[in-house]
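Subject: Handover of a protein model

Dear colleague,

I am passing on the structure below, and after it you will find notes on what was found. Please read the notes with the structure open beside them.

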Amino acid sequence: MPFRPRTAVRGAILATAAVLLCPAPAAARPAAARPAAAPGAPPGWSAAPAPADGAAPSDRDRPYFYLAGAPGTVMNDRLSLRNPAGRAVTVRLRGSGGWLAFAAKEVTVPPRTRATVPFTVTVPPDAAPGGHSAALVATAGGTGRGAAGRDTVPVHLRVTGPVLAALTVENVAVRGRGGAAVIRYTLVNRGNTVLTPRLAVRADGLFGPVLRRAARTLPDRLAPGRSADLTETWADPPELDAVKVRLTVTADGGAHGSATASYTALPWGVVAGPAFLLAGGGGLVVVRRRRRAQGAGDGRGGEPVRSAGGAARPPEGEAAGPAAELANSGSGART
């Protein structure tokens, strides 16, 4: 077939138009088939401590806030809000404790912008010296990735001043419950710093030790001035013994406290036997007294019974004596 330039040019034009008008197979997939963002993906905006003034470049990025001051002082710092998205984000701010306060409770951060929000920490005059934990919470509402989410920045506070660690153990009592016993007690933080108590339990009976538990850390921390009612289970107490239980509690800073309680264990047979005997003996005494009272009331006690006229008559079943017969006969002999 002879080559025709006009036909070749027309075919090339048609082929190029087909390529331009028909999308590639990958681009032709519907939008629903494209992978969506993970539901747990972090928001596009973020909250972090603002760079500290005068800090070295290596120390400008802080993972949390650290502030220290005496009771009654006011400390200042700044929170940085970063929005790399292409739309504005409105962020609500609050502190987890009453010591924290923001200059603005709500901030709108423009797209691809960083906003800095000042806040203050006011230490109460009666604040306990030592460490305190708090947090700054930033929350944004909206739709779409990068618009909604929540970010939290820790705040570590150190209140300066003399630290007093003091702890007492009070209201110790031991009560039986089935085949076990329960030790009840109260811990009171008498100092000005938060304590993490450690408890040791010891019990001694008439013939020696019956319980030894080494000191262990209790799960809850105790704030200054606070108290906690706690229990300790004793799974296998003695069944017959007089026991003295001692609780010893310690904490960092030299805090130490102890208290004791008495516990008398008696099996049911030992308690029920004497009680039954006492109840039975008392019943016999009551029966005997009732019989004696009945005998005295019906004239069987040997005392004479007087008639309505005042003359005495012998008890039932006994014969009248000669004096009685003469008295009776004389009463009717007068004419």
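Residues 24 or more positions apart make up 63% of the contacts in the protein that have a separation of 6 or more, where a contact is defined as heavy atoms within 4.5 Å. The model is a predicted one, in which local features need pLDDT of at least 70 and side-chain atom pairs count only at pLDDT 80 or more, whereas totals for chains, interfaces and linings use all residues. Residues are numbered from 1 along each chain as its sequence is written, and side-chain values use heavy atoms, with hydrogens and water left out.

Overall composition

The protein has three helices and 18 strands, these being DSSP runs numbered from the N terminus, of type H or I and at least four residues for helices, and of type E and at least two residues for strands. Of its 335 residues, 26% count as buried; here buried means under 20% relative accessible area, exposed means over 50%, and partly exposed lies in between, with a 1.4 Å probe and protein chains only. The accessible surface comes to about 22200 Å², and 56% of that surface belongs to carbon and sulfur atoms; accessible areas come from the Shrake-Rupley method with a 1.4 Å probe, and for residues only the protein chains shown count as cover.

Nonpolar cores

In soluble globular proteins, nonpolar side chains tend to be buried together. The largest nonpolar core in this model holds 28 residues, of which Leu79, Leu81, Val91, Leu93 and Leu136 touch the most other members; such a core is a set of buried Ala, Val, Leu, Ile, Met, Phe, Trp, Tyr and Cys residues joined through side-chain atoms within 4.5 Å. At least two residues of this core come from each of β2 (65-69), β3 (74-83), β4 (89-95), β5 (100-102), β6 (106-109), β7 (113-122), β8 and β9 (149-159). Apart from this core lies another, of 27 residues, which includes Ala165, Val201, Leu211 and Tyr263.

The largest pocket

A pocket is found on a 1 Å grid over the protein atoms alone, as an open set of points where a 1.4 Å probe fits, with protein on both sides within 12 Å along at least five of seven lines, and its lining residues have an atom within 4 Å of a point; grid points are joined across faces, edges and corners, and the volume is the space filled by probe spheres set on the points. The lining has 13 residues, and those closest to the centre of the pocket are Gly131, Thr193, Val194, Leu195 and Arg221. Strand β8 (residues 130-140) gives the most to this lining, with four residues. By class, the lining has four nonpolar, six polar and three charged residues, where Ala, Val, Leu, Ile, Met, Phe, Trp, Tyr, Cys and Pro count as nonpolar, Asp, Glu, Lys and Arg as charged, and the others, Gly among them, as polar.

Individual residues

Strand β8 also holds Ala140, which counts as buried because its relative accessibility is 5%. Ala140 and Thr90 are 50 residues apart in sequence, yet their C-alpha atoms are 5.9 Å apart in space.

Two residues other than glycine have a positive phi. Arg112, with phi near 50 degrees, lies in the loop between β6 and β7 and counts as exposed at 63% relative accessibility. Asn171, with a phi of about 55 degrees, sits in strand β10 (residues 167-177) and is exposed, with a relative accessible area of 59%.Strand β15 holds Arg246, which is partly exposed at 36% relative accessibility. Arg246 touches Ala200, Val201, Arg202, Ser258, Ala259 and Thr260, not counting residues up to four places away in sequence, and its C-alpha atom is 6.1 Å from that of Ala203, 43 residues apart in sequence. Thr250 is found in strand β15 as well and is partly exposed, with a relative accessible area of 22%; leaving aside neighbours within four places in sequence, Thr250 is in contact with Leu167, Thr196, Pro197, Arg198, Ala255 and His256.

Gly254 is in the loop between β15 (241-251) and β16 (255-265) and counts as exposed at 63% relative accessibility.

With best regards
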